[in-house]
Amino acid sequence: MNTAAVADKEITGGMNYLVSIPRRVVTIYLPLGIFLFVLLFPFYWMAVTSFKPNAELLSTGGNPFWLAHPTLDHYNKLLFHTQYPSWMWNTILISVTSTFGSLVASVLAAYSIERLRFKGSRHVGMAIFLAYLIPPSILFIPLATMVFQVGIFDSKLALILTYPTFLIPFCTWLLMGYFRSIPFELEECALIDGATRWQILLKIVLPLAVPGLISAGIFAFTLSWNEFIYALTFISSSENKTVPVGVITELVEGDVYHWGALMAGALLGSLPVAVMYSFFVEYYVAGMTGAVKE
Amino acid sequence: MNVPQTEFIPAARPTVATPSFLARLFDNRHFLGLLFMLPAALLLLVFMTYPLGLGVFLGFTDAKVGRPGEWIGIENYEFLVTDSVFRLSVWNTFLYTFIASAAKFVLGLYLALLLNEHIPFKAFIRAIVLLPFIVPTVLSAIAFWWIYDAQFSIVSWVLVKLGVIDTYINFLGEPVLARMSVIIANIWRGVPFIAICLLAGLQTISPSLYEAAAIDGANPFQKFWHVTLPMLSPIIAVVMTFSVLFTFTDFQLIWVLTRGGPINATHLMATLSFQRAIPGGALGEGAAIATAMIPFLLAAILFSYFGLQRRRWQQGTKD
């Protein structure tokens, strides 16, 4: 009985059966609890603040961790008295189009580098990796002058066209790794059966690469949702702003901070990516670690 | 009897249609490869390679917003070298990158080791740990802004109630405190990324190595030092390069929390470049500051490159 229990623990927990429970509490659960508290507290604080009436926000008495009189005032102000809904719509539109466009370009590029192996494909693959490492903060000034000269300054098109610069390298790099894991014998069979390269890509490789496509798509979507510096630089009129830029530039009037509305805006703006992430956690993690591991 | 001649005439050979020129062209992998590369390559060349060159060029001009600017050689750089704000921003950038990256590494590794243990609800915990990383930085920075508020900071409130301090802390108003505050916010956001990536690395280490170490009488620290760390070092090299790169060029967090203040104490090169170029209108000078970041980025990229080489070598694969 006792040995069976030990054996059972041994299977599930490696050599953990050697460590006593109180010891595990101190060495694992306690530090983990502290980590979780610190990592999640800002979200709790955001949520609580967004439901607090102004009087409660600005009073120093009472218990600030709790809601005495929850209110939806801040959400009401945000949704009906600011342009928040249109920022949200812009962000969705820009993120979805740039993600989709980048995915199409990346699938073609990754397939071509990894499978067609044209002359110089290795160097192109390396160049893609280097492009992944170029941060937007050194590109925004020249891009701003370009966007201005082309005449798409202050338009959503400026962002839709520039976001792929950081999405394509990432997606291509990720998909290259994914395509590599698909056995090329499948493609050889299809070639013998007379399929063209285009048919192979559409009917053999893409269906097998769906998990990779989801990983790349989710990650790209969150990256473009997160983008700030291009949106801050290229967009000036309120109705074209994205959520991060709009919240920062429009909800602060001079020195008056509408904390409740700011928090509501931050929370609502985080919600779409958080929901999407919660549905595709495994794909997201695979995308993130895959891009680093390759 | 006439034998029908037709029997002896070999049936018309199935004509092998010679593929048209176009069909052959589209079967040529070199041609097709370049064709498939076209959309991505075009976009990256126009919106990445060209601006990169243009940025370096702008750094040598006195371009202003709405004025093309003329070639002035290294005048921008000569000015920047003497500019105390720029020198401070370089120092800040290094300080910020070094402290934040070191802390993120230590805490991230610790969190990864904790998550690698057998714990209930492991998948769920791993999922929520990553939340700070996926939420848009600007929006979580707003939460930190409120947490760091001079009058209503929750941290100050708790510390006052506990009797540790008497007056509320002006987190973002004092140079040293402001630096600490932005670094802490950066660490908060970066730890999950590093932890989850290192966790993926930890999970590839074979348990038999630990068992062998245990049989040899290794204590937990020795197991960590002689098994975990060496096995993890290639992935550490890559993850930390990414982390250093993104911390070095950070913009969002600083811009939301302090905009470089108080008295430029938290200005990083990226924020200074933005401030001079866009609100300030000095595009040439801003571009020069941005260009000044490139050598450091190159150093980090080379480091990453050799990290990858070493990984290949360790795995024994030839490619």
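Figure 1. In chain A, 79% of the contacts between residues at least 6 apart in sequence join residues at least 24 apart. This is a predicted model. Chain A holds 16 helices and two strands. Of its 294 residues, 44% are buried.

**Figure 2. Confidence across the model and along chain B.** The model scores ipTM 0.86 and pTM 0.86. Chain B has a mean pLDDT of 84. In chain B, 90% of the residues reach 70 or more. Confidence in this chain is highest in helix H4 (residues 84-115) of chain B, at a mean of 93. Helix H1 (residues 21-27) of chain B is where confidence is lowest, at a mean of 75.

**Figure 3. The contact between chain A and chain B.** Chain A puts 76 residues into the contact, and chain B puts in 74 residues. On the side of chain A that touches chain B, helix H2 (residues 21-50) of chain A supplies the largest share, twelve residues. That side of chain A is made up of 52 nonpolar, 20 polar and four charged residues.

**Figure 4. Helix H7 of chain A against helix H2 of chain B.** Two packed helices are described by the angle between their axes and the distance between the axes. Here, helix H7 (residues 140-150) of chain A packs with helix H2 (residues 29-58) of chain B at an angle of about 105°. Their axes lie 8 Å apart. Angles of 65 to 115 degrees count as roughly perpendicular, and H7(A) and H2(B) are therefore roughly perpendicular to each other. From H7(A), the residues in contact are Ile141(A), Pro142(A), Leu143(A) and Met146(A). They meet Phe47(B), Pro51(B), Leu54(B), Gly55(B) and Leu58(B) in H2(B). Eight residues of this contact are nonpolar, one is polar and none is charged.

**Figure 5. The largest nonpolar core.** This core has 158 residues. Those with the most contacts inside it are Leu175(A), Ile142(B), Ala195(B), Leu198(B) and Leu257(B). Helix H9 (residues 175-202) of chain B gives the most to this core, with 14 residues.

**Figure 6. Close-up of Leu257(B).** Neighbours within four places in sequence are left aside here. Beyond them, Leu257(B) is in contact with Ala141(B), Phe144(B), Trp145(B) and Leu172(B), and also with Ser181(B), Val182(B) and Ala185(B).

**Figure 7. Helix H13 of chain B.** Helix H13 (residues 269-277) of chain B is mostly covered, with nine of its nine residues buried. Among them are Met269(B), Leu272(B) and Phe274(B). Gln275(B) and Arg276(B) are buried too.

How values were computed. Residues numbered from 1 in each chain as written. Chains lettered and ligands numbered in written order. Predicted model: local features only at pLDDT ≥ 70, side-chain atom pairs only at ≥ 80, totals over all residues. Contact = placed C-beta atoms within 7 Å. Helix = DSSP H or I, 4+ residues; strand = E, 2+ residues; numbered from the N terminus. Nonpolar A, V, L, I, M, F, W, Y, C, P; charged D, E, K, R; others polar. Buried ≥ 20, exposed ≤ 12 C-beta atoms within 10 Å, placed from the backbone. pLDDT = per-residue confidence, 0-100. Axes fitted to C-alpha atoms, helices over the stretch in contact; angles between N-to-C directions. Parallel < 35°, antiparallel > 145°, perpendicular 65-115°, else oblique. Core = buried A, V, L, I, M, F, W, Y, C linked by C-beta atoms within 7 Å.
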